[in-house]
Amino acid sequence: MKRIAVLTALLFTALQIGYAQKVGLVLSGGGAKGAAHIGVIKALEENGIPIDYITGTSAGAIVGSLYAMGYTPEEMVELMLSEEFSYWQTGTVENEYKYYFKRPDPTPEFGHFSIDMTDSLQVKASFLPQSLINPIQMNQAFMALFSQATAKAGWNFDNLFVPFRCVASDIYSKKAIIFKNGDLGDAVRASMTFPFFFQPIWKDSVPIFDGGIYDNFPVGPMKEAFHPDFIFGSTVAGGNNKPSSNPYNQLETMIMQKTDYDVPEDEGMMIKFSFPTVSLLDFQKARDLMDIGYKRTMAMIDSIKARVPRRVELSEVNKRREAYKQSLPPLIFQNIYVTGVNESQKKYIEAQLHRDINHEFSMEEFKRAYFKML
């Protein structure tokens with residue numbers, strides 16, 4: 001009997017290798033806790049476990065999209081810990097882009113008030129959370145971060161370094177939206193737009209919010225889009241239903257619908273993390289969370305290897321990744337389309353962009369003009 005069992009196991013392994021077993025990675029939302037996903041990816045890569053497809057929601061969409069466009073785990077955590085990333089998540093404008101007219105004028109008044117009638121308009125009623133994050137930084141930053149990969153992929157997420165899907169929510173139709181093409185930055189921005197923290201992306205005259213509202217662990221989109229032979233899931237959400245005095249935790253409990261944080265045993269494996277002391281924007285803890293994700297995944301790596309016999313050496317992944325990055329188009333812009341203003345305003349906006357002899361302008365030129373106009 002033992003000999004038969006061994007032969008059956010060997011035959012099963014040989015068959016799996018024969019049809020080039022494909023692996024899909026599913027990443028949940030969870031704010032800063034999503035940094036643990038980076039450690040999961042690092043452990044899988046170092047042990048030759050292939051990642052052929054990736055789906056994510058909210059924080060999982062951030063990590064998944066970065067990986068899908070060629071970021072290494074170390075590059076991802078460095079980005080999360082960077083000063084620039086802190087500008088995006090807080091809506092802070094760097095000092096070098098704060099023009100004189102944005103600074104307070106010296107006056108003899110006891111106090112004065114102003115309203116910024118732009119995209120940065122923030123109307124805060126006393127019963128709403130008081131940290132609605134200004135989107136003006138994130139809007140331009142996501143364009144810079146994702147535009148090269150979007151252009152190279154031809155606006156098709158199947159053509160990224162790793163094919164990718166992310167989930168957002170249409171709260172008016174009460175359904176999840178799966179992004180598979182278009183602007184990668186807009187897709188990720190929509191997927192992570194937690195209500196009352198970030199202003200939404202608008203699509204077809206409807207505001208689109210955080211994907212975690214309706215599907216915080218996109219196993220279904222993974223199966224529907226890619227039909228992988230094996231699914232590995234990483235979740236940093238769920239399992240913490242204790243009442244909290246934190247208003248943001250209360251808001252999350254009210255907004256988020258019930259999600260099935262599970263991968264069927266016959267379809268794959270998963271790892272669950274619990275970080276009750278880590279809040280939505282605790283990105284300064286990214287490296288510690290990554291290390292936890294790495295160690296937890298390494299603790300079960302033998303079990304993963306038993307289920308995934310196919311191997312892809314890290315050196316091969318790095319070689320393909322470097323070739324992909326080298327093939328990205330330069331971050332140079334030529335055309336700009338201005339809508340929602342009158343003709344004289346349109347001419348003024350276009351005049352702020354100083355083009356070179358080839359009628360092109362850089363991201364830095366756009367960024368300066370963008371903040372100046374705001």
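View 1. Strand S6 (residues 206-210) is largely enclosed by the rest of the structure, because 4 of its 5 residues are buried, where buried means under 20% relative accessible area with a 1.4 Å probe and protein chains only. Strands here are DSSP runs of E with at least two residues, and helices are runs of H or I with at least four, each numbered from the N terminus. The model is predicted, with local features needing pLDDT of at least 70 and side-chain atom pairs pLDDT 80 or more, whereas totals for chains, interfaces and linings use all residues. Residues are numbered from 1 along each chain as its sequence is written, and side-chain values use heavy atoms, with hydrogens and water left out. Strand S3 (residues 164-170) pairs with S6 in the antiparallel sense over 3 bridges, pairing being assigned if DSSP finds at least two bridges between two strands. Asp 170 stands opposite Ile 208 in S6, and Ile 208 is also the bridge partner of Ile 201.

**View 2. The hairpin of S5 and S6.** Strand S5 (residues 201-203) runs antiparallel to S6 and is joined to it by 3 bridges. The hairpin has 2 residues between the strands, and Asp 204 takes a positive phi near 55 degrees.

**View 3. Phe 164 in the largest nonpolar core.** The largest nonpolar core has 73 residues, and Phe 164 is among those with the most contacts inside it, together with Leu 44, Leu 160, Leu 184, Phe 232 and Ile 304. Such a core is a set of buried Ala, Val, Leu, Ile, Met, Phe, Trp, Tyr and Cys residues joined through side-chain atoms within 4.5 Å. Leaving aside residues up to four places away in sequence, Phe 164 touches residues including Ile 54, Ala 61, Phe 157, Phe 179, Leu 184 and Phe 226, contact meaning heavy atoms within 4.5 Å.

**View 4. Helix H14 and its packing.** In helix H14 (residues 363-373), the buried residues are Met 363, Glu 365, Phe 366, Lys 367, Ala 369, Tyr 370 and Phe 371. These buried residues pack against helix H5 (83-90), helix H6 (136-152), strand S9 (332-333) and strand S10 (361-362).

Definitions and conventions:
Buried means under 20% relative accessible area, exposed over 50%, partly exposed in between (1.4 Å probe, protein chains only).
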